[in-house]
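Let's go through this fold by question and answer. Have a look at the sequence and coordinates before we start.

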Amino acid sequence: MAASPSLDLVGATETTIGVEFKPLPGVTDYELQWKEYPAKWNSTDMHTSAVKASGKKKVKTECNNLQPGSTYCVRLAASGMDPGPELIIDTEQVGCTPKSSGGCTIL
């Protein structure tokens, strides 16, 4: 069976991981799959999201509602195909320091 496209990381926050991929010609239905590392893919910890790619050169999508400071495996499965390669990504830690205002005031 043919493999699905590989994912490229767009970015990660405390609770989301953004990815993108180039759709295969003639394939419009995909499933984004993710799980916490090192859980098994067939476990109840696996999550999925349907992704449509009709007429697009690149498709961006996200894994949402993730745990901060955790490691996740993310992969893509095109309809009727084996999943593509896994990305292993860490979400950001919850920040405990004040955010910078980005400016400086001299009196």
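Q: In what order do the 3 strands form the open sheet?
A: Strands here are DSSP runs of E, at least two residues long, numbered from the N terminus, and two of them pair if DSSP finds at least two bridges between them. β1 and β2 share 4 bridges, while 5 bridges join β2 to β5. The pairing is antiparallel, and the order is β1-β2-β5.

A quick note on the basis: this is a predicted model, where local features need pLDDT of at least 70, side-chain atom pairs count only at pLDDT 80 or more, and totals for chains, interfaces and linings use all residues. Residues are numbered from 1 along each chain as its sequence is written, and side-chain values use heavy atoms, with hydrogens and water left out.

Q: Which residue in β5 is the bridge partner of V19?
A: V19 has L9 standing opposite it in β2. Looking towards β5, the bridge partner of V19 is T61.

Q: How far apart in sequence are the parts that E20 and K58 tie together?
A: The two form a salt bridge (a Lys or Arg side-chain nitrogen within 4 Å of an Asp or Glu carboxyl oxygen), with the closest N and O atoms 3.1 Å apart. E20 sits in strand β2 and K58 in the loop between β4 and β5, so the parts they tie together are separated by 38 residues.

Q: Is K52 buried or exposed?
A: Buried means under 20% relative accessible area, exposed over 50%, and partly exposed in between (1.4 Å probe, protein chains only). K52 has a relative accessible area of 57%, so K52 is exposed.
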